[in-house]
Amino acid sequence: MHHVANHLKFEYTVSIIEPTPHKADNLSENCPKKEDLIFLLRFGDYLSNALHDIKQLSGKKIGILQDEIGYAFDPPVSGDTIEKWRYRKTVLSAGQLEQLATAILAYSHATHQRDWLENFLISGAHPYPTSVCDKFFPNQTNLVDQGPSSQPAPVSILPAPPQSAFAPPAQSQFVGRTAEQEQIQTRLNSGGSLAICGMAGMGKTSLAMAVAHNCGETRPVFWHPFYDQNLNSFVRRLAGFLTHFGKTSLWEMLESARMAGIKPPDLTSCLDTLLAQLDGLNLLICLDDLQFVEEMPEIRTFVQHLSSKCQTEPQLALLITSRTYPAFLPADVPFELGGLGVEDSAELVALRQLKLPTDLVARLHTATEGSGAFLTLAIAALQASRDPALLISQLASAADIERFLLDEVNDRLSGQEQRVMEAVSILGGYPGSRDLLETLINQRDVRKTLRMLADQYLLTETDGEDGKAYQQHQIVRGFYYEQPSRKTRREMHQRAAEFYTDEEVNPFQAVFHYAKSGAAEQAVRIGQNNLWDVINSGLAAPLLQSLDSLSKAGLDQETAVDLLLTKGQLNHFLGEYDSGRDHYQQAAELLQTMPQNPTSDQLKGQVCLSMAQLLERRDPPEALTWAQRGIDILGAGDSELHTKLLIQHGTIMMYMGNSAGALESFMVNDDQLQALPLPLQTNINKNLGAVYFNLDQLDQAVVHSEQALQLSKQSHDHLQTSRIYINLGPTKYMLGDWTGAVSDLEEALAIAKRLGSHDVVLALHTNLGRCYVDKGDDELARQHLERAIALSEHASSLQLIAARINLARLAIFNRQIMQAQVQLTLAETDATEKNDQISLNTIKVMLAECLVVENKFPAARKLISTAEKMAAQLDDQTNLANLMRLKGQMATQDQNVEEAERNFHKSVDILTSIEPYQAACARLAWGESLQALGQQAAGEKLIQEAYVVFDSLGAEREKKRAGKLLSN
């Protein structure tokens, strides 16, 4: 590793080969074929997005728009047909695509221009998109699109849902709490954070909703409920919300990953990015039911930092509801909520049109302790009671008030109302549509029943993007889930699963309900085949929970292996590495009992790939063993899995420092490469750039790094783009394009800061500091390197080593030898701990240089002898050349002309083919030596050659020094 290894110490990165499911079937046997899937995935999103654009423009509901667009067809089609196209159930013909585009363009939305139309048609697999675009936009013909293009078509990133999708649920007839609302709003008006705490049923969520709606008149509000205990869903929703304020980078990365069917950025990085994107925004963030996730370390850290940010940014406010006060928040944040006062209870009774004498209201208030949930249930029971006084007396004496009220309410519901309540409970807390509920109870048109239940506040009715959706309070949900028999519950879950497979396509919900129904095989198949779609929807943890409920006992061996593989991949994504390894190991052991055939070999190969990915940074040697095992099992071939194993093998070898071996693994032919997903193509080119850099083949390194850069920009993966710049900058630098290198690194730093990527920012500060050291801009160099050291406190000490080495270089240039020795000693401690032999050798060379500057030649010679042996063992040519230079300088001081000439000549010869700048530094030192030895003309010639190089590169310090020598 010549360039990365030397004392210039650039930071370089390699890419991880992300896992993808080893099957690609869709949800149903009746769904489109595999080759159509990529178009349907993209097309369904484009069509939905277009309808939401028109909805915002026209104010019409989606259902009405679907009917209008269907009527515009010749012959007309139903709105249900348009909805099926949205849910990716049918591949449209070219004629249908054109009629659909015509109907959409008729609404004249501002963004629906030629570029939109072309992407829309491409997403639907239209054979002649350009011709259709020319017909609609004759004056905007794309002259390039007359034949096959050499450049990939750009990917258009879908906008996030409208801002209204993140607002608090609609609320009607909120009662009382006037003083509480005023106190909370006063505290939030100037920023800060506040947690509404109290027992279940006290009305924490209702109060927070009321506050949020009031605050929404003066500032945007983001509302997120944590009832499903899902952090990934929270990340996705907040990223989508922030796009409406110009913060698009994380949403684009998440959308790119979703559309490509690959692993999204890790959760911690996403949360860090979200925190950075909130800077300067005037928002109220509401986190409901935080108690469900507060023990998760990621959310604890995020909320803690968000609360701190709210203290310093007065326009940003945080409102939390939780049963208990989160201990990690400041002591002044809690707002303890008790029950409603007797006057508020009386107002609630009156608003619900229940007529009770004052004394009964007081008794009701006392019995329920002012709990909003219990009062709601009591009012629903009392509205159908012939003897309210008796019921209230029974309530006051009941041992279990909750159970008493629920029994009373249930007894007064009609049979159909009970069945609907049971159906909603089957949904597990997730909202469900009327169509779904009708399917669950095998009845049509339950609209009136739903309305009546909502009017009694037994159901919560929300406006989803595609119509009304219904949920229950968790107290009510638990009661009604117990009412049907186990057999009936399983039948209802089965119907729900089929509905989410064939009607409102939702892979996660299909898995959830198939698992609950006991249909393990279907749950495994759908979970595996739609793994990254579900993960990118923010549902990794709930999916794993559903799969964990399945038993391998009733599954055939192949399905059992699939279950273990899918759970292992979810463990890996969620950072549960030990569990992931255990699942992969179980899968490997199970496969040993299966007969050998192509299917079992593919499964074994997938297990090997998954295990190698899990271990690549934790135990590279073992990871390499797994990757090689998979390659051996599959044998020679050009399958996608075999290609992925080869790439994984190369990635691990990169981590282990074997660049030549990595290059051999990365040598994928063009046909294989083009068949891989776009992000995988990006990673291969990025890794090839790193390998060629390490092998001193810089021209090839630039070619592959720039190809990776083009692909990452095409997929709008900004974080990957910044990582590629980390590699491309040093490569350009070594080729002498310092301006281009610094420009790349500065651009990457701006991206990484915007994304909040700590590790990438750290590496870029290190690389820029190294660049500015050579350019002679001491102040900028010091700023970047000191920032890198500050950021390294909780990061990789390898990057800390690089920063200290370059700070020492800066000190040596300025003859601040003691400062240099301090930095080198600190770097040596870290390098010894990490067994970083390359850095240790570099440190020895630089310590020797300090001794030469101080004219301590005996000690310098001893250190140089040790460093020479290490450099030879490591094949570290740059440091060997620098040692020759130091020996030449000492020989000059000793007036040993022959030895000085020999060492300087070797140094220049080695460096000329490696690094122009270092070669020029060696020439400058040689020229100085010749002048000191009385050979003025020869010395001046070498100094002049060095001056030309320094001038072309922009190395101002060394250029000034050479110019001064020439002027003398």
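**Close-up 1. Asn-855 sits in the loop between α43 (837-853) and α44 (857-874).** Helices here are DSSP runs of H or I with at least four residues, numbered from the N terminus. Phi of Asn-855 is near 60 degrees, a positive value in a residue other than glycine. Keep in mind that this is a predicted model, where local features need pLDDT of at least 70 and side-chain atom pairs count only at pLDDT 80 or more. Residues are numbered from 1 along each chain as its sequence is written, and side-chain values use heavy atoms, with hydrogens and water left out.

**Close-up 2. Ser-108 has a positive phi, near 55 degrees, and is not a glycine.** Look for Ser-108 in the loop between α5 (94-105) and α6 (114-123). With 58% relative accessibility, Ser-108 counts as exposed (exposed is over 50% relative accessible area, buried is under 20%, and partly exposed is in between, using a 1.4 Å probe and protein chains only).

**Close-up 3. Met-818, Val-822 and Leu-826 make a nonpolar surface patch of about 300 Å².** Patch residues have over 30% relative accessible area and no salt bridge, with nonpolar side chains (Val, Leu, Ile, Met, Phe, Trp, Tyr) joined within 5 Å and like charges within 9 Å. A salt bridge would be a side-chain nitrogen of Lys or Arg within 4 Å of a carboxyl oxygen of Asp or Glu. Leu-826 belongs to helix α42 (residues 817-834) and is partly exposed at 37% relative accessible area.

**Close-up 4. A patch of negative charge on the surface gathers Asp-67, Asp-80, Asp-435, Glu-498, Asp-502 and Glu-503.** Glu-503 lies in the loop between α23 (486-502) and α24 (507-517). Glu-503 counts as partly exposed, because its relative accessibility is 43%.

Definitions and conventions: Accessible areas come from the Shrake-Rupley method with a 1.4 Å probe; for residues, only the protein chains shown count as cover. Lys and Arg count as positive and Asp and Glu as negative; His and the chain ends are not counted. The place of a charge is taken as NZ of Lys, CZ of Arg, CG of Asp or CD of Glu. Helices (H or I, at least four residues) and strands (E, at least two) are DSSP runs, numbered from the N terminus.
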